[in-house]
Amino acid sequence: MLQTTHKAEIDDILSRYPVRRSALLPLLYLAQREQGYITESAMQEIAGILKLTPPQVYETATFYTMLNLKPVGRFHIQVCKSLMCALVGSDTLIGWIGRKLGIKPGETTADKLFTLSAVECLAACGTAPMMQINDDYYERLTEDKLDRILADLRQTGASALKTGPFMWPEPNGTRQ
Amino acid sequence: MANYEPILLKNMLQPGYTGSLADYERAGGYQALRKVLGKVSPSDVTAVVMKSGLRGRGGAGFPTGVKWGFLPKDYQGPRYLCCNADESEPGTFKDRQLIERDPHQLIEGILIACYAIGAASAYIYIRGEFVLGAKILEQAIGEARAAGYVGKNILGSNSTIDVWVHRGAGAYICGEETALLESLEGKRGLPRVKPPFPATHGLYDKPTVVNNVETLANLPHIMTRGAEWFASIGSPPKSTGTRVFCVSGHVARPGNYEVPMGITFRELIYEQAGGMRSDKKLKAFIPGGASAPFLTPDHLDVKLDFESVAQAGSMLGSGGVTVMEEGTDMVWAALRLMEFFYHESCGKCSPCREGSSWLVQIMRRIVNKRGQMSDLETLTDLCKNIAGRTVCAFGDAEVSPIMSTLKHWRHEYVTLIHAAETANLIRPEPAGAKH
């Protein structure tokens, strides 16, 4: 139960809005952070907190692509496939990842480590091709960089190749 | 290469600038707020912004001061400011940089806007994927609150302004201002029928202003250096100030370049962004994000200001300039953007919801060499029945890639269709477009 485990955080979220329903997206994010995806029971609990009906929560949750209503892998790889990235090789990138992990967009590896998604624009067109893995952006990708990122994630769960705070071009010289 | 004085990127261009409160104050930050709060009347602040000629940097280019002026003068209840940080127009990546590298510049702009319109609460609606940007903003707001710039009785002026970060969750349409308000209210992000406009019936049905990140970031500079100074930059009287243009695609140095409005696309692409990435010549460019119709090399000497780009048959939009080299398949390019719009249509209006599906199916058929000549008429007919027939501007936006590529590169469509005819490959696609 989120209300027993995260009471202070929920109260803090609720205090930001004069109308309770505004807290819906933040609470759905909280549920997703705790369980990796949003369960039906979490949606019911959130409906109770916000004095909404479960369908009101469900209709909102299903509108937004970042809210997972099904489990995803530990690392959710989202590669931008919109035109700006496609011009500089995002289709090739998706192919590399697919071959390295043995999955197609929309699939999860058998060990539940990686889910691959091809997504629409993530607002990093100047540093394309790019992808987002969980909370982090990875930009100006090459096959070599991709190998290092996947190896880092397998070994330590994090990669120093993530980017940001963002500035491009950088004031002095270039980064990796 | 001409050097222009950066305004919005000035701080972050300094070596070692971290965007912390201390760094921002050292660079003169929060002086504009001190100068304004309780010393200049809110209506005078609005008058300065009006006089500066500042126009919205999100896409529509509506004059900011005029927008503020629409709020009812005599309304006693709460008013709201929403900062549109949803940055989701393909080709645009400037707000991310303004947020992550100089968050206090934006916060100071938000505070000035709140003071001018009488809002005690501001919500920064930031796209869900910008997790780092949201963290940086939360941290910066915390610093500002501790220093007395945000919260109750700001700088002893009796003004109370709170600023909150609210994360979106991956819907392009939430960059449309009324969809943003719906989303902020915890609902599906469906644009509202206008009128009434947000100025009278916005967030929670209260008077509300929605301004873009870059628009708000300009305010401290306008209040410090004056309306006349700002109005003298760029392409006065209608396109004043600088723009942070986002250059992407086949150029040597893609990235964000802040230049005065009114320089030419040729200068932006060939001088600032270093020209083409290879020997291949420029074939096409999109001047203002995915919603803006494609332009050709004949338009390289068009000026980057609102009126000139509109005259050339496109729009300056969000400032996202995407460059394509010789060899780029324009039908494929239009399809890629069409797939984006199909995926992002919110589904409220039938012409857009159904039309985008049909457009994607026909475009895929043509690209896959299964098209027929009558498809071109069907495409045009569909586009004409979508544009202008929807609640928001999405309908106009989604048809622009197809309409403009049909206008400038019709022969590429015809070539693909001829290939289909000669190969006798014409056969119906299975019904229903897949995402």
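1. How many residues of helix H8 (residues 177-184) of chain B are buried? Eight of its eight residues are buried, and the helix is mostly covered. Here a residue is buried if 20 or more other C-beta atoms, placed from the backbone, lie within 10 Å of its own. Helices (H or I, at least four residues) and strands (E, at least two) are DSSP runs, numbered from the N terminus.

2. This is a predicted model, in which local features need pLDDT of at least 70, side-chain atom pairs count only at pLDDT 80 or more, and totals for chains, interfaces and linings use all residues. Residues are numbered from 1 along each chain as its sequence is written, while chains are lettered from A and ligands numbered from 1 in the order in which they are written.

3. The cover over the buried residues of H8(B) includes strands E1 (80-85), E2 (121-126), E3 (162-167) and E4 (208-212) of chain B. After H8(B) comes B:Gly186, with a positive phi near 85 degrees.

4. Chain A has eight helices and four strands. Of its 176 residues, 39% count as buried.

Note on methods. A residue is buried if 20 or more other C-beta atoms lie within 10 Å of its own, exposed if 12 or fewer, and partly exposed in between; C-beta atoms are placed from the backbone. Two residues are in contact if their C-beta atoms, placed from the backbone, lie within 7 Å.
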